[in-house]
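Please read it with the coordinates open.

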Amino acid sequence: MVFNSYTFIAFFIIILILHNLPFSWKVKKINLLIASYIFYAAWNPPFILLLWLSTVVDYFVGRALFAQTNLTKKRLLLVLSLIGNLGMLCFFKYGGFLLENFVSLVNLFGVDFHPAEPNIILPAGISFYTFTTLCYTIDMYHKRSKPVKSMLDFSLFVTFFPHLVAGPIVRPPQLVPQFETPRQATTKQIIDGLLLLSLGLFMKVVLADSMLSGTADSVFSFAGPLATADTWMGVLAFSGQIFYDFAGYSTCAIGVSMCLGFVLPENFRYPYAAIGFSDFWRRWHITLSTWLRDYLYIPIGGNRKGEGRTYINLMFTMLLGGLWHGASWTFVAWGGLHGLYLWLEKIIRDKFSKPSTRPVMATAGVSLNSGQSASFIYALFTFFLITLTWVFFRAESFTQAWEMLGSMFGITSDGAALLRSIDIIKVWVIISITVIVHWWMRDASVLQLAYKIPWWCLSIVWALIVLAIILVQESGSAFIYFQF
Amino acid sequence: MSPQSLKRAAILMVILVMAFLASWELYLRSDGADHSFDDGGPLFSVQRAQVYLPQDQSTVSIGSSRIKFDLDNNTWKELTGETPVQLACVGSTPLPVLYDLADDPDFRGKLLIDVTEGLFFSERAGSAENPLKYIAYYHDLTPAQRASIILNNPLESTFVFLDKDVYSLNAMLDKLRIDSRPGVFMFPIFPRDFERVSEERQCYMAPGFVQDSNQHKTMQKNWEILGGGPTKPPISGVALDSILHLVKTSTDKIRARGGDVVFVRTPSSGLFWKREQMGYPREQYWERILQTTGCKGIHFADDPATDHYICPEFSHLTPEDAIDYTRHLIRHLRDDCGWQFTSLHSM
């Protein structure tokens, strides 16, 4: 089920009513759990079994890990959990990719091996719930938190429908305590939640699907060289689309949870106002970047094992982060390019940054001390470099990516003009406003802003948002991040 | 902001949204707008799911826009007592839908294939794009999408502003007709009343279009922009043989399971009909389809009762003519093709 569908609206109204009836807290949690399974089964009912398997295995392994004192047995249990979780992920998400690369490799050595193409359907959100359950068992191994007391709470933690298929990726301490005591949303929470839900749908339905996806799709599916302006517009459109699609989902998820009285962690903080790439990853898909930092980068050594290892660890984390997004070498290249940017940023920062007693706003040695206009130019430059990475993220192949980059930098000439003036205007207006709004809001929050303006003004803006959602008449298309 | 103010903001927002939508709906209705369904994957899927009705209870039509305009569902239901299942796709070749039905072992029904040669034999990838998209939508339909279709239909039947082709934000922005860049194709804007889509995927012209010769001219110009009908055969030789072979394989599969297939050449007139005769000489295309497949065919030009229609924009019948044409088509299916309609009413 997707947030941007009539089915979800009906589903959510029923859930809200049920959640506000005078049932016991346990019954309400059971309602939420059943609702979450229905939400997931609305895609492909059999994949619920995978979700159950992951939940049951990790619940019991987690408890055993916490209680186990024998280090060898403890490690074995951790390996069991890793094999279970990552094995499923590898089979469903990377099975075809691994086989394809294996075949290429053996063919390279002259072995004539051509297996049948696997027909594996990717269960929605498997990367997200695998990371959710993985962090629980790893936390249990390190005794970072206590085991979840009841199977019901653990199942709800894994399956809670707002975050289930596309995050935010939650940690047990962020959500489990919220299930332990009865919660009911206040009027303010419900209205805040509905406001965020409207905003999230506006981002997804109006900006991503209606205004930007057509241009991005036309450019990325065009066979043959394109004119420089068209390629740039297509890539900029995708920069906007991927942000509004994913941030739209996260905003909806946070809003929906808030209406039910739960708080999910923030996942986006105006990333296109980032100054530098460390800053970008503190603002883009925050729950994934912190997950990778805490469960991958730091465990493999982080910056504690010398300068050289820091660079290697950084790159390794970004390459795996790229691969997490999709089973293709272009995603690895996307991660690698971000790793490279982070390397360069670190080199510059280590070389030029001077210790300062004033809080450094961002990285790369740039701070607000540099002045607003200089910082904005750095932010624009960061946005420009980030936009280049999206070419690899979206392109079907390296050939296409290089062709597009060639066109963007004028290396390829005589490309065809594809986009109409209206398409270019839409992309230009939306991306310009996006960058300006991100800069203006970079340290603020939507709800803070909403509280500051007069109530009637909030009504008018909110009404315009809702009307735009209704009038664009785009509904039901899946969120891009579901495929990850 | 206090919770009280927030509540006030939410209430005013609801009032503003309701007031705008009500005003917009009333304005559009006063301007002559009427309901029209979004002719996309969801509506196609509803029809596609009906192809399994028993053979004596339904007939499936595939093709392009002509069969959607020319076959009047109410007349068909009234005369045959059957459910017409409309799987034709506007501006598209019917071949992907034919292959899909042929590969479906459970489809054993009666099939009408509308032949608009320029689209039927099109080698342009775009002409198969929508049928392939809709077929994939149907086969990948999730329970959530099924529920959304059920919830959406009452809304589309109630509000005229939910006509996506005319009143969606993008459609309205397109109407601004901002000059395009040199070399970039601008898809023409169709008059609003040229095409309405019913819940059963039938297309029909609204009275506003039928009665307005200026709109006829606009559409004739639009067809010119979009190709204007063929003037020379775009496909021949091995490519043509290959398509015919695939068509035969598919019709054979359907007939082997007990189904039946009839090809239909729906009417066109004026410049279109002239160009179609030049571009696709009957003996090289229409006759070859029938010879290769061994199926029966009904050509509008073979019957004095159907060879005289004037299509306002050269390509599609008016609703009034569609009723007349449907009656004759049923007669031909019964008399020339041996189709049995269990509850055939007098004609």
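1. Basis. This is a predicted model, in which local features need pLDDT of at least 70, side-chain atom pairs count only at pLDDT 80 or more, and totals for chains, interfaces and linings use all residues. Residues are numbered from 1 along each chain as its sequence is written, while chains are lettered from A and ligands numbered from 1 in the order in which they are written.

2. Chain B overall. Chain B holds 16 helices and 7 strands. Helices (H or I, at least four residues) and strands (E, at least two) are DSSP runs, numbered from the N terminus. Along the principal axes, the C-alpha atoms of chain B fill a box of roughly 80 × 45 × 40 Å.

3. Burial and contacts in chain B. Of the 347 residues in chain B, 40% are buried. A residue is buried if 20 or more other C-beta atoms lie within 10 Å of its own, exposed if 12 or fewer, and partly exposed in between, with C-beta atoms placed from the backbone. Among contacts in chain B with a separation of 6 or more, 81% link residues 24 or more positions apart. Two residues are in contact if their C-beta atoms, placed from the backbone, lie within 7 Å.

4. The sheet. Chain B has an open sheet of 5 strands, paired parallel in the order β2-β1-β3-β6-β7. Its edge strands are β2 (83–86) and β7 (296–299) of chain B, each pairing on one side only. The twist averages 25° from one strand to the next. Strands pair if DSSP finds at least two bridges between them.

5. Strand pairings. Strand β1 (residues 58–62) of chain B is mostly covered, with 4 of its 5 residues buried. β1(B) runs parallel to β2(B), joined by 4 bridges. Another 4 bridges join β1(B) to β3 (residues 110–114) of chain B, also parallel. B:Thr59 has B:Pro84 as its bridge partner in β2(B) and B:Lys110 in β3(B). Elsewhere, β6 (residues 260–265) of chain B has 4 bridges to β7(B). There, B:Val262 is partnered by B:Lys296.

6. A loop glycine. B:Gly91 sits in the loop between β2 and α5 (95–102) of chain B. B:Gly91 counts as partly exposed because it has 14 C-beta neighbours inside 10 Å. Leaving out residues up to four places away in sequence, B:Gly91 touches B:Ser64 and B:Ser65. Its C-alpha atom is 9.1 Å from that of B:Gly63, 28 residues apart along the chain.

7. The chain contact. Which chain gives 37 residues to the contact, and which gives 36? Chain B gives 37 and chain A gives 36. On the chain B side, α1 (3–30), α8 (143–158) and α10 (169–174) each give two or more residues. The largest share, 13 residues, comes from α1(B). By class, the chain B side has 22 nonpolar, 9 polar and 6 charged residues. Here Ala, Val, Leu, Ile, Met, Phe, Trp, Tyr, Cys and Pro count as nonpolar, Asp, Glu, Lys and Arg as charged, and the others, Gly among them, as polar.

8. Helix α19 of chain A. The 18 residues of α19 (residues 455–472) of chain A should span 26 Å, and its end C-alpha atoms are 26 Å apart, which agrees. The expected span is 1.5 Å times one less than the number of residues. The buried residues of α19(A) include A:Trp455, A:Trp462 and A:Val472. Their cover includes α9 (187–220) and α18 (446–452) of chain A together with α1 and α10 of chain B.

9. Helix α5 of chain A. α5 (residues 126–142) of chain A is largely enclosed by the rest of the structure, because 13 of its 17 residues are buried.

10. Positive phi. Please check two loop residues of chain A. A:Tyr270 has a phi of about 50° and lies between α10 (228–259) and α11 (277–281) of chain A. A:His285 has a phi near 40° and is buried, with 23 other C-beta atoms within 10 Å.

Terms used. Axes are lines fitted to C-alpha atoms, for helices over the stretch in contact, and angles run from 0 to 180 degrees between N-to-C directions.
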